[in-house]
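Welcome, and please have your viewer ready.

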Amino acid sequence: MYLNNNQYLLEGGIDPLQLGEKYECPLYIYETSIMKKQYDRLVNAFDLKKLKINYACKALNNISVLKFFKSLGAGLDTVSIQEVKVGLLAGFRPEDIIYTPNCVSIEEISQAVTLGVKINIDNLSILEQFGSMYPHYPVCIRINPHIMAGGNSKISVGHIDSKFGISFHQTPHIHRIVKAHEMVVEGIHMHTGSDIMDIDVFLQGAEILFEVAAEFKDLNYIDFGSGFKVPYKEEDIETDIEELGEKIGQRFKKFTYDYGRNLTLMFEPGKFLVSESGTFLVKVNVVKQTTSTVFAGVDSGLNHLIRPMLYDSYHKIINISKTEGRQRVYNIVGYICETDTFGVNRKMTEINEGDILAFKNAGAYCFTMASNYNSRYRPAEVLIHEGKDYLIRERENLEDILRNQVNLDIFGEPKSLQSPMSDLNSFELENSINVDPKTLDHHVQ
Ligand SMILES: Cc1ncc(COP(=O)(O)O)c(C=O)c1O
């Protein structure tokens with residue numbers, strides 16, 4: 001989103017306020033031009049023939065987004081069997097999908113084997129079970145290099161106390177299992193955390209991974225995971241991708257030379273590819289002045305964007321209804337029945353009720369973590385591609401909330417959940433309230 005003649009615009013000159021009107025707020029908007037820019041930046045940072053970028057679809061899992069990354073030539077990084085299935089439906093070939101589950105059952109992993117995707121195993125117990133069931137199915141092994149990486153403790157996953165990966169000190173044990181079942185280890189993997197600023201952390205982890213990898217003779221690839229940090233505010237530090245590409249690339253070339261075979265270098269970024277592509281629009285319902293604070297209460301909450309409450313993430317918030325005028329300081333809060341503060345002491349153009357606020361960096365881990373808490377609907381999603389807007393997910397409605405609920409008749413005659421809106425209509429008629437609930441449902445999110 002950029003400012004042009006006092007108006008915020010999106011890719012192709014699209015006015016976000018018009019999108020807010022067309023699709024209604026709250027609304028997630030994603031720009032493919034930014035996804036492509038980030039993808040190209042990463043690919044161009046490496047001077048390597050065999051580089052594979054697997055998009056970590058947990059960040060933003062809409063099938064149309066997956067198809068877009070496939071069109072760029074990306075593979076897919078998945079962590080659940082459902083992500084695998086959506087990836088296949090998006091058109092990815094099984095060999096272009098890597099499945100890296102943690103603490104899932106062997107039955108789920110068996111399903112992934114049936115679907116033919118790459119399997120990444122992160123604990124010795126499952127490795128042993130897998131070896132006895134599928135000795136000839138190639139596997140990748142997730143190593144825990146014991147390094148502290150990541151923006152905060154909740155998103156650091158490569159340290160000694162982390163539940164992820166097999167300790168690199170347990171490599172002898174891995175070898176015993178592999179040998180006993182005559183397994184084929186085709187890949188070695190690590191992922192140490194998210195929001196990693198310092199590229200030395202990657203290099204440190206990479207050295208450990210190279211040490212482990214050198215002991216496996218059937219490798220086709222080494223996967224360095226992800227964790228690249230993107231900027232959240234002006235002058236924010238971000239991972240220097242170009243420097244990382246140059247340093248890891250060179251070290252990788254040396255490793256493959258010593259190893260004696262040309263391997264593929266893989267990464268699996270989520271945030272880096274989609275965070276900045278996303279904007280979340282909300283409408284201000286209430287401006288509330290208390291004795292100490294001015295709150296702007298919006299038509300959303302932790303049910304739509306939980307990152308600030310879950311791990312203190314920062315999302316820049318802009319009043320796009322007004323680009324000029326008096327600046328005031330606000331706490332931006334949601335409508336949920338817990339404290340759901342999006343931003344504290346945010347200075348912005350004076351807010352009036354009805355104004356539209358835009359949250360930046362709303363592409364990664366925003367919609368995918370949304371829920372129906374307080375029986376609220378999840379918002380619509382719109383993709384902007386080559387100057388056109390496309391609805392890629394419809395806003396939910398009451399039918400969606402009730403879809404899998406079982407309306408027991410032992411507590412009284414149930415109103416049919418098949419068509420709740422018509423039941424609500426008759427309820428409104430019975431109570432002589434002169435409001436069309438369809439209209440109500442449409443406007444109240
Ligand atoms: C195994 C794995 N790979 C890749 C990612 C993507 O990380 P990021 O969004 O920081 O790029 C994650 C995120 O949690 C992950 O768990």
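Helices (H or I, at least four residues) and strands (E, at least two) here are DSSP runs, numbered from the N terminus. Keep in mind as you go that this is a predicted model.

**Stop one: a loop residue**

Select Thr100, which sits in the loop between strand S6 (97-99) and helix H5 (106-115). Is Thr100 buried or exposed? With 26 other C-beta atoms within 10 Å, Thr100 is buried, because 20 or more count as buried. Now show its contacts: leaving out residues up to four places away in sequence, Thr100 touches Asp77, Val79, Asn120 and Arg142.

**Stop two: H6 and H7**

Next, select helix H6 (residues 124-133) and helix H7 (residues 171-180), whose axes are 9 Å apart and pack at an angle of about 10°. H6 and H7 are therefore roughly parallel to each other. Show side chains for Leu124, Leu127, Glu128 and Gly131 in H6, which meet His173, Ile174, Ile177 and Ala180 in H7. Colour this contact by class and you get 5 nonpolar, 2 polar and 1 charged residues.

**Stop three: H8 and H9**

Finally, move to helix H8 (residues 199-213) and helix H9 (residues 241-259), where the axes come within 10 Å and cross at roughly 15°. That angle makes H8 roughly parallel to H9. The crossing of the two, H8 and H9, is right-handed. On the H8 side, pick out Ile199, Phe202, Leu203, Ala206 and Phe210; on the H9 side, the contact residues are Glu243, Leu244, Lys247, Ile248, Arg251 and Phe255. The contact of H8 with H9 has 8 nonpolar, no polar and 3 charged residues.

Definitions and conventions
Residues are numbered from 1 along each chain as its sequence is written. This is a predicted model: local features need pLDDT of at least 70, side-chain atom pairs count only at pLDDT 80 or more; totals for chains, interfaces and linings use all residues. Axes are lines fitted to C-alpha atoms, for helices over the stretch in contact, and angles run from 0 to 180 degrees between N-to-C directions. Angles under 35 degrees count as roughly parallel, over 145 as roughly antiparallel, 65 to 115 as roughly perpendicular and the rest as oblique. A crossing is left-handed if the near helix is turned anticlockwise from the far one by less than a right angle, and right-handed if clockwise. Two residues are in contact if their C-beta atoms, placed from the backbone, lie within 7 Å. Ala, Val, Leu, Ile, Met, Phe, Trp, Tyr, Cys and Pro count as nonpolar, Asp, Glu, Lys and Arg as charged, and the others, Gly among them, as polar. A residue is buried if 20 or more other C-beta atoms lie within 10 Å of its own, exposed if 12 or fewer, and partly exposed in between; C-beta atoms are placed from the backbone.
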